Amino acid sequence: MKNSTGAEIKNVEDTEYQKRYLRHQQFGKKDQLLAIMKERHSQRQFDTKDIPQEMLDEILDSCRYAMSSCDRFGVRLVVTEDRDDKAILNGLLVGSVGWIYRAKVVILLMADPRAYQAEGEVAFMPYLDAGVLVEHISLLATAMGLRSAYSNPNIRPNNIEHFKELFKPKDWDDVIFCGAVALGYPHPDEIHHERNLIDSVLL
């Protein structure tokens, strides 16, 4: 084997330096992705710092690469940074009461019922598609140094129509709300919680 100058190198694989080099080379995309997965956690405390538009655009654009049932992309995103919108969501979304208004950005996951035509699938498939999008958003946000939290789609029955009036896409006949993702920079005094992991997901 020759080095960059053309000189012959003998038994290079046996040298201490080459062994260290090879171990270093093993750290790649897999390790980076696993590190981001381990770092990601739900955080409901956020800094008041604005998220740059180009950063938000990159997060949203990444969702075009997410898996979607039968490639339909029946779930789309409604993004709001409006303080009044966040205050309303803080009251309407059962899982968000008391915290979602603190986020700088809230992404609503909206499914179009017309995308799910097979018998019975409209009851579950939109939520599966939305879950994939939540994972995309949360992992990329973590890689960018942001914090995120998912809010479930539970809205009290007497508030559902009011929610639709305010947030349903104008050209849609109806909407299935699949939850929301809150984004923001970490709060300076955020509280770190250890993840409550299980030993194995295998049965």
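Is the crossing of α4 and α6 left-handed or right-handed?

A: The crossing of α4 and α6 is left-handed; a crossing is given this name if the near helix is turned anticlockwise from the far one by less than a right angle, and is right-handed if clockwise. The model is predicted, and local features need pLDDT of at least 70, side-chain atom pairs count only at pLDDT 80 or more, and totals for chains, interfaces and linings use all residues. Residues are numbered from 1 along each chain as its sequence is written, and side-chain values use heavy atoms, with hydrogens and water left out.

Helix α4 covers residues 83-92 and helix α6 covers residues 160-167; helices are DSSP runs (H or I, at least four residues), numbered from the N terminus. Their axes come within 11 Å and cross at roughly 160°. Such axes are lines fitted to C-alpha atoms, for helices over the stretch in contact, and angles run from 0 to 180 degrees between N-to-C directions. The two helices are therefore roughly antiparallel to each other, a term for angles over 145 degrees.

On one side of the contact (heavy atoms within 4.5 Å) stand Asp-85, Ile-88, Leu-89 and Leu-92 of α4, which meet His-162, Phe-163, Leu-166 and Phe-167 of α6. These residues divide into six nonpolar, one polar and one charged. Here Ala, Val, Leu, Ile, Met, Phe, Trp, Tyr, Cys and Pro count as nonpolar, Asp, Glu, Lys and Arg as charged, and the others, Gly among them, as polar.

How values were computed: Parallel < 35°, antiparallel > 145°, perpendicular 65-115°, else oblique.
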